[in-house]
Amino acid sequence: MTLQELVHHAASMYLNRTAVCFDEGNSQPPLCYTYKTVLNEASELSHFLLTHCDFGGIQEIGLYCQPGINLPSWILGILQVPAAYAPIDPDSPPSLSTHFMKKCRLNYVLVEKNQANKFKSSHETVLNYNIVSVEHKDLVLFRLHWENGEVTMLSDREDKSENSSEEKAHMDIRQEGCLAYVLHTSGTTGTPKIVRVPHACILPNVQHFRSVLSSESFLEFVL
């Protein structure tokens, strides 16, 4: 079972109930989406990605955005491709996010439309300008290129043999299509490491939350 299957199971029982809420901190009532709205938005994004992306066997998609009401739908849309979700914080130093994208070998990054100029100016050395970005509602899809070996903006001095063994293990996971998301460590004690999390590793945590929380708030903890 996958995270997206858990969400669909909850939606099958509570389609018109509130799935997610987001407080923008502007003294206005929180924004809320039902399961139906979340699924509709996610399905549209999944279709968009399948139409415009050519993954070549490695299905990891970056998401460069700030927190908001649409974030759960965007994550679910990526998972439904199926692809792994790779969060990229717009407030992180460009050197760190570029290192993360390069180590993941990300070919595609979804960028929140109001963050697009910041993304382009911060990562212009890795953007493939031969491929036009494509828009979908509040998102812009960028394709990256990694042909130039000099694009690294952060020291990369990890042990080669260690990387080779880790990459071999990751490839088995990728081929099975079971990755849920990809993160990086903080890098406070050295070069940030990439952490790939399969659905099988996060599902027990979600199922535990499900046993102690009401079903109405289930999606909040899935995503």
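Which side chains meet in a salt bridge at 2.6 Å, N to O? Those of K137 and E44 do. This is a predicted model, where local features need pLDDT of at least 70, side-chain atom pairs count only at pLDDT 80 or more, and totals for chains, interfaces and linings use all residues. Residues are numbered from 1 along each chain as its sequence is written, and side-chain values use heavy atoms, with hydrogens and water left out.

**Salt bridges**

- The whole structure holds five salt bridges. The term means a side-chain nitrogen of Lys or Arg within 4 Å of a carboxyl oxygen of Asp or Glu.
- K137 and E44 pair at 2.6 Å, N to O. K137 sits in the loop between strand 6 (134-136) and strand 7 (139-143), and E44 in helix 2 (residues 35-52), so the bridge ties together parts that are 93 residues apart in sequence. Helices (H or I, at least four residues) and strands (E, at least two) are DSSP runs, numbered from the N terminus.
- K137 is partly exposed, at 43% relative accessible area. E44 is partly exposed too, at 37%. Here buried means under 20% relative accessible area, exposed over 50%, and partly exposed in between (1.4 Å probe, protein chains only).
- A network of salt bridges links E41, E44 and K137.
- D91 and K118 form a salt bridge at 3.6 Å, N to O. The pair links distant parts of the chain, 27 residues apart: D91 is in the loop between strand 4 (84-88) and helix 4 (94-104), K118 in helix 5 (residues 116-122).
- D91 is exposed, at 54% relative accessibility. K118 is partly exposed, at 34%.
- E135 and K113 form a salt bridge at 3.2 Å, N to O. E135 is in strand 6 and K113 in the loop between strand 5 (108-112) and helix 5, distant parts of the chain 22 residues apart.
- E135 counts as exposed, at 52% relative accessibility. K113 counts as partly exposed, at 36%.

**Cysteines**

- The count comes to one disulfide, defined as a pair of cysteine sulfur atoms within 2.5 Å.
- C21 and C32 form the disulfide, with their sulfur atoms 2.4 Å apart. The link joins distant parts of the chain, 11 residues apart: C21 lies in strand 1 (residues 18-22) and C32 in strand 2 (residues 31-34).
- The C21 and C32 link is right-handed, with 105 degrees about the S-S bond.
- C21 is partly exposed, at 48% relative accessible area. C32 is partly exposed, at 41%.
- C178 has its closest cysteine sulfur in C201, 8.4 Å away, too far for a bond. C178 is partly exposed, at 22% relative accessible area.
- C53 is buried, at 11% relative accessible area.

**Helix 1 and helix 7**

- Helix 1 (residues 3-14) and helix 7 (residues 199-212) pack at about 30 degrees, with axes 9 Å apart. Axes are lines fitted to C-alpha atoms, for helices over the stretch in contact, and angles run from 0 to 180 degrees between N-to-C directions.
- The two helices are therefore roughly parallel to each other, a label for angles under 35 degrees.
- L3, Q4, L6, H9 and M13 of helix 1 make the contact with H199, I202, L203, V206 and R210 of helix 7. Contact means heavy atoms within 4.5 Å.
- The contact residues divide into six nonpolar, three polar and one charged. Nonpolar covers Ala, Val, Leu, Ile, Met, Phe, Trp, Tyr, Cys and Pro; charged covers Asp, Glu, Lys and Arg; the others, Gly among them, are polar.

Terms used: Angles under 35 degrees count as roughly parallel, over 145 as roughly antiparallel, 65 to 115 as roughly perpendicular and the rest as oblique.
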